[in-house]
Amino acid sequence: MADVAGATMSPSIGESNDAQKNVFDLGAFVGDLTLEEDPSSDDISLEGLEQELEECKNNDVVVNILSKGTKLRDYTKGVENDLRKVELDSIQDYIKESDNLVSLHDQIRDCDSILSQMETLLSGFQTEIGSISSDIKILQEKSMDMSLRLKNRKVAESKLAKFVEDIIVPPRMVDILVDGEVNEEYMRTLEILSKKLKFVEVDPMVKASKALKDVQPELEKLRQKAVSKVFDFIVQKLYALRKPKTNIQILQQSVLLKYKYVVTFLKEHGKEIYNEIRAAYIDTMNKVLSAHFRAYIQALEKLQLDIATYNDLIGVETRSSGLFVRAREPLKNRSAVFALGDRINILKDIDEPALIPHIAEASSIKYPYEVLFRSLQKLLMDTATSEYNFCDDFYGEESIFYEIFSGPFGVIDEHFNSVLPSCYDAIGLMLMIQIIHKHQLFDNWSVKMLAVFGFQDVIEVVTVEFAEPGRNAIEEQRLIFKHKARFHIYQCVNSEIFNKIFNASTSKKAWEILVKTYGDEEKNKLNCRR
């Protein structure tokens with residue numbers, strides 16, 4: 001209606017400016033209207049008409065119509081005619097598009113049918129998906145249950161496999177222990193047997209198992225056979241130590257140490273046999289070393305130079321000659337009894353190897369007693385160091401060392417008790433005291449140095465090469481620790497000793513040079529442990 005009204009009023013748009021110039025009196029216009037009475041109508045009420053006219057007063061369309069003086073009935077008829085025309089045009093358009101509308105209706109109906117089928121199909125899918133979802137949930141529960149069972153079975157299998165592996169006795173193991181020779185393979189088999197024996201002895205659950213009843217007798221037989229076999233093997237090696245001209249140190253280092261696990265096995269699973277072997281070794285080494293030192297002392301006796309006798313002193317009681325007094329060569333120059341001379345050089349040569357008697361005897365050279373004393377002491381320290389190392393590595397007991405050397409110490413004490421009371425060489429006695437003092441000085445110095453190293457947290461850098469300051473330590477920290485250890489060593493030695501160690505590439509090598517040159521390494525280790 002608004003479009004039609006706008007179209008009808010379009011010719012008079014140009015006159016709107018003149019209409020706006022004149023002031024329109026709506027009351028006067030309405031007052032001139034004459035209303036025809038409808039005979040069929042009752043009283044006509046004009047209540048609210050004035051309010052409606054007020055509302056239309058501001059309506060542009062109504063104002064435009066009234067300003068032209070057009071009557072409302074004529075305007076209404078025109079509008080109705082326009083509407084009828086538009087309606088007829090619309091009907092003609094609908095008629096022209098009737099085929100398309102029919103086709104569209106058919107398509108909509110077909111779509112509706114298809115959508116209905118889709119709805120039915122999707123409803124079926126939804127039902128099936130719900131059923132599948134419940135099946136999947138059931139499968140998930142079954143899968144979790146199966147996974148838990150599998151996990152439990154794997155745990156049980158691993159424990160059972162370890163149990164079976166630890167308790168069974170393979171035929172190959174039996175063949176090696178019963179018929180095999182004592183070699184590296186035999187040692188590895190002994191370790192396996194040791195683990196099995198410990199396994200059945202320690203675990204209380206294993207002791208209660210029925211499988212042990214079948215296996216334990218066989219394990220016991222193998223233990224007895226292995227103990228017997230290694231006992232015969234070790235005893236055979238110990239007999240080799242008693243053979244004349246046997247190099248004991250080479251036999252210990254190259255042969256016995258290779259089989260040190262045999263001793264460990266006997267200590268754990270054959271204590272009585274171990275004690276027998278231990279006693280046999282102590283007895284053998286005690287006798288062998290005692291015989292060696294006794295023979296060495298007798299050989300040194302032939303090399304002794306008689307410096308002074310009781311006739312050179314005043315107020316000395318006449319005594320019978322001792323072990324070293326027999327067949328001594330008299331000193332030609334008696335005025336040299338109290339002269340130090342070149343004898344002081346013994347303190348510079350204190351670290352030289354021990355004398356070899358048959359070589360010295362072949363050269364027909366005689367030596368003052370302090371030279372023989374230094375040689376005997378050097379041999380004792382070297383032998384004791386080597387034996388201490390071996391006893392610690394092979395048996396793991398320090399007490400064996402002291403039991404072994406009770407014999408050699410007795411031989412040496414017997415020698416000194418026979419020689420020193422009849423010794424009238426005052427210079428020689430003083431030099432022997434100096435020799436002992438020098439060794440004691442290094443011992444004391446080494447104890448102090450080890451205390452310093454421990455306080456500075458570098459003791460393992462010196463004795464083991466390098467102590468890790470931390471698992472994630474950086475290279476700079478390692479270098480600091482190494483240089484710190486070397487600094488403390490250099491700071492605590494004089495210039496003469498420094499010249500011997502300044503070329504050492506590490507603090508450990510410098511310490512080894514000092515120990516080798518001036519002291520008893522094993523004694524230092526023992527002091528450090530204390």
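The model is predicted, so local features need pLDDT of at least 70 and side-chain atom pairs count only at pLDDT 80 or more, while totals for chains, interfaces and linings use all residues. Residues are numbered from 1 along each chain as its sequence is written, and side-chain values use heavy atoms, with hydrogens and water left out.

**Whole chain**

- The chain has 25 helices and zero strands; these are DSSP runs numbered from the N terminus, with helices being H or I of at least four residues and strands E of at least two.
- Of its 530 residues, 32% count as buried; buried means under 20% relative accessible area, exposed over 50% and partly exposed in between, with a 1.4 Å probe and protein chains only.
- Among contacts with a separation of 6 or more, 76% are between residues 24 or more positions apart; a contact means heavy atoms within 4.5 Å.
- The accessible surface is about 35200 Å², and carbon and sulfur atoms hold 55% of this area; the areas come from the Shrake-Rupley method with a 1.4 Å probe, and for residues only the protein chains shown count as cover.

**Helix pairs**

- Two packed helices are described by the angle between their axes and the distance between the axes.
- Axes are lines fitted to C-alpha atoms, for helices over the stretch in contact, and angles run from 0 to 180 degrees between N-to-C directions.
- Angles under 35 degrees count as roughly parallel, over 145 as roughly antiparallel, 65 to 115 as roughly perpendicular and the rest as oblique.
- The axes of H13 (residues 260–269) and H14 (residues 271–301) cross at roughly 130° and come within 6 Å, which means that H13 is oblique to H14.
- On the H13 side the contact involves Val-263, Leu-266, Lys-267 and His-269, which meet Lys-271, Ile-273, Tyr-274 and Ile-277 of H14.
- This contact of H13 with H14 has five nonpolar, one polar and two charged residues; Ala, Val, Leu, Ile, Met, Phe, Trp, Tyr, Cys and Pro count as nonpolar, Asp, Glu, Lys and Arg as charged, and the others, Gly among them, as polar.
- The axes of H11 and H14 come within 10 Å and cross at roughly 0°, so H11 is roughly parallel to H14.
- Residues of H11 including Phe-231, Ile-234 and Leu-238 meet residues of H14 including Ile-277, Tyr-281 and Met-285.
- By class, the contact of H11 with H14 has 11 nonpolar, one polar and one charged residues.

**Buried residues**

- Gln-252 is in helix H12 (residues 248–254) and is buried, at 1% relative accessibility.
- The side chains of Gln-252 and Tyr-281 are joined by a polar contact of 2.9 Å; such a contact is a pair of N or O atoms within 3.5 Å, where within protein one must be able to donate a hydrogen and the other to accept it, and residues adjacent in sequence count only if both atoms are side-chain atoms.
- Leaving aside neighbours within four places in sequence, Gln-252 is in contact with residues including Met-285, Ser-386 and Phe-390.
- Leu-376 lies in helix H17 and is buried, at 4% relative accessibility.
- Its C-alpha atom is 8.9 Å from that of Ile-412, 36 residues apart along the chain.

**Loop residues with positive phi**

- Most residues other than glycine have a negative phi.
- Lys-245 has a positive phi near 60° and lies in the loop between H11 and H12, where Lys-245 is exposed at 88% relative accessible area.
- Ser-364 has a positive phi of about 55°; Ser-364 lies in the loop between H16 and H17 and is exposed at 62%.
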